[in-house]
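Please look over the chain shown below before reading on. The briefing that follows moves from the overall fold to the cores, the helix pairs and a few single residues.

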Amino acid sequence: MSPDEKLALAEERLQQAEERFRQAEELMLQAQEILARTRAQDEEAQHLAYVDQLTGLPNLNHVRQVLDFNLKQAHRYERISALLSIDLDRFRIINEALGFKAGDELLVLVAERLKAIVRESDLLARRGEDEFLLLLSELHESSQVELVARRVLELMHEPFSVQNHPLHVGASLGVSLCPDDARSSQEMLEHADASLYCAKEQGRGRFQVYSEGLQQQLRRRLVVENCLFEALERNELSLLYHPIVDLTSREVVGVEALLRWTHPELGEVSPGEFLPVAEESALIVPIGDWVLRESCRQLKAWKELGLELFVDVNLSRRQLLHADMASAFLRVLEEAKLDGRDIVVDVSEDHYTGDPRVRSVLADLGLGGVRIAIDDFGTGLSSLKTIRLSQTKILKLDSTFVAGIPGNRQYLSICVAVIRLAESLNMRSLAEGIENEKQFEYLRKNDCHLGQGFFFCQPMPAEQVAEVARQGL
């Protein structure tokens, strides 16, 4: 091979080597890009795993990690930490009434408002739907937790503006302390949940700190719930009737059906204890059906004795939202051969104003002749337009306002205003909780139509109603 040929061959091999090197560089760059994308995806997955996408707050997975660390520090250095479980009281009603977009907007506003009180050492997180978690670290004493809890309640009490709607949400809080209450993150979360449940049971808009007594309450609730499932089958339920009086004539014109439960071992179980359990477990639907049927049966018996009374029955939100509720209710009346005007349906002002589906069901009942009464009127945010266009026939003055008569001038004004409002809308007013002569006289002189309370009589068995109705009060 000549020198020129050798040189040409060497140059060719050099070019081939340079090409292979260039290809290797390209492969290396591609590998680096793939590695970078993989790392970015891993970081994104890590972010998604530990951050709530709606609010940008840490999520439950993040809280668990921090809780485990806090518990170790608390036990080792005798530090105090607290976990606050924050649940919005009226979020579900708002979400259903205004839609999910408004609900999401509200949750973002809640998160922003809560951030304002969080220290650098604390952790605010969203657990899911309408529940938030606030972990307070490095506290000097447990009394600091109460101050924070009250501040959270104050913040949630202030109205939010969503889609030009002023919304009153409110919140309930459950508190778990470490190292006193828990040995693990799971136990601390469970104890915060338990205390939150008790706070809601006590009427919402408050906070509850975990204790062994709460655990006993929860065990009692479980016993009540299990026994309640069998109460209907065992005929343990009964009704008492609280007379409703015409304040002008003092004649008994109707009765309110009040549910009672006597268990062979638990004894008399308070309605305040078992009705919330029935509502949460959906047992309120079959129980409510029994109350209506039993009320109709008794009303028919009174009619056969020549008594013209109506029966007032209470309906919960779950009952009102049950499928085919209005037609099923009217069928019961038809089967009992009763007129719609023989029954008054009680619905709380909060349920009435908070859900258009409830108003639709009540409108159907009203078209069937059933009279609608708004209970606890004046304690919520009723729209006068909504009331005017509804089938409402009775406005009930809340007993809180009646109790202020005659000493509280503000409550006096509220009572008179509700009475005048009922008159102007061609409705009847009914005052609850009348307990003395002064209250009775004031309400009568101001033209309140109907009244109810211990001043007249206490709730009574069905067999006593006929005698009282004949004699009057």
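Contact here means that heavy atoms lie within 4.5 Å of each other. By that criterion, and leaving aside neighbours within four places in sequence, E423 is in contact with D447 and H449. The model is a predicted one, and its secondary structure comes to 18 helices and 16 strands.

**Chain as a whole**

- The chain has 473 residues, of which 44% count as buried.
- Among contacts between residues at least 6 apart in sequence, 68% join residues that are at least 24 apart.

**Nonpolar cores**

- The largest nonpolar core holds 74 residues, and those touching the most other members are W302, F329, I343, V345, L365 and L443.
- Helix 9, which spans residues 284-304, gives the most to this core, with 7 residues.
- When neighbours within four places in sequence are set aside, L365 is in contact with L315, A326, F329, L330, V345, V370 and I372.
- Another core, of 33 residues, lies apart from the largest one, and its members include I94, L107, V110 and F207.

**Helix 3 and the residue after it**

- In helix 3, covering residues 91-98, the buried residues are F91, I93, I94 and N95.
- Just after helix 3, G99 takes a positive phi of about 105 degrees.

**Helix 4 against helix 5**

- The axes of helix 4 (residues 100-115) and helix 5 (residues 143-157) come within 10 Å and cross at roughly 140 degrees.
- The crossing of helix 4 and helix 5 is right-handed, and the contact is made by V110, R113 and L114 of helix 4 together with V152, L155 and M156 of helix 5.
- Sorted by class, the residues in the contact of helix 4 with helix 5 are 5 nonpolar, no polar and 1 charged.

**Helix 7 against helix 8**

- Helix 7 (residues 212-231) and helix 8 (residues 271-281) pack at an angle of about 70 degrees, and their axes are 10 Å apart.
- Helix 7 and helix 8 are therefore roughly perpendicular to each other, and helix 7 passes helix 8 in a right-handed crossing.
- From helix 7 the contact is made by R220, R221, V224, E225 and L228, while helix 8 contributes E273, F274, V277, A278, E280 and S281.
- By class, the contact of helix 7 with helix 8 has 5 nonpolar, 1 polar and 5 charged residues.

**Two residues of helix 16**

- S413 is found in helix 16, which spans residues 409-424, and E423 is found in helix 16 as well.
- S413 counts as partly exposed because its relative accessibility is 48%, which falls between the 20% limit for buried and the 50% limit for exposed.
- Although S413 and F401 are 12 residues apart along the chain, their C-alpha atoms are separated by 9.4 Å.
- E423, with a relative accessible area of 35%, is partly exposed.
- E423 and D447 lie 24 residues apart in sequence, and from C-alpha to C-alpha they are 9.1 Å apart in space.

Notes:
Residues are numbered from 1 along each chain as its sequence is written. This is a predicted model: local features need pLDDT of at least 70, side-chain atom pairs count only at pLDDT 80 or more; totals for chains, interfaces and linings use all residues. Side-chain values use heavy atoms; hydrogens and water are left out. Axes are lines fitted to C-alpha atoms, for helices over the stretch in contact, and angles run from 0 to 180 degrees between N-to-C directions. Helices (H or I, at least four residues) and strands (E, at least two) are DSSP runs, numbered from the N terminus. A crossing is left-handed if the near helix is turned anticlockwise from the far one by less than a right angle, and right-handed if clockwise. Ala, Val, Leu, Ile, Met, Phe, Trp, Tyr, Cys and Pro count as nonpolar, Asp, Glu, Lys and Arg as charged, and the others, Gly among them, as polar. A nonpolar core is a set of buried Ala, Val, Leu, Ile, Met, Phe, Trp, Tyr and Cys residues joined through side-chain atoms within 4.5 Å. Buried means under 20% relative accessible area, exposed over 50%, partly exposed in between (1.4 Å probe, protein chains only). Angles under 35 degrees count as roughly parallel, over 145 as roughly antiparallel, 65 to 115 as roughly perpendicular and the rest as oblique.
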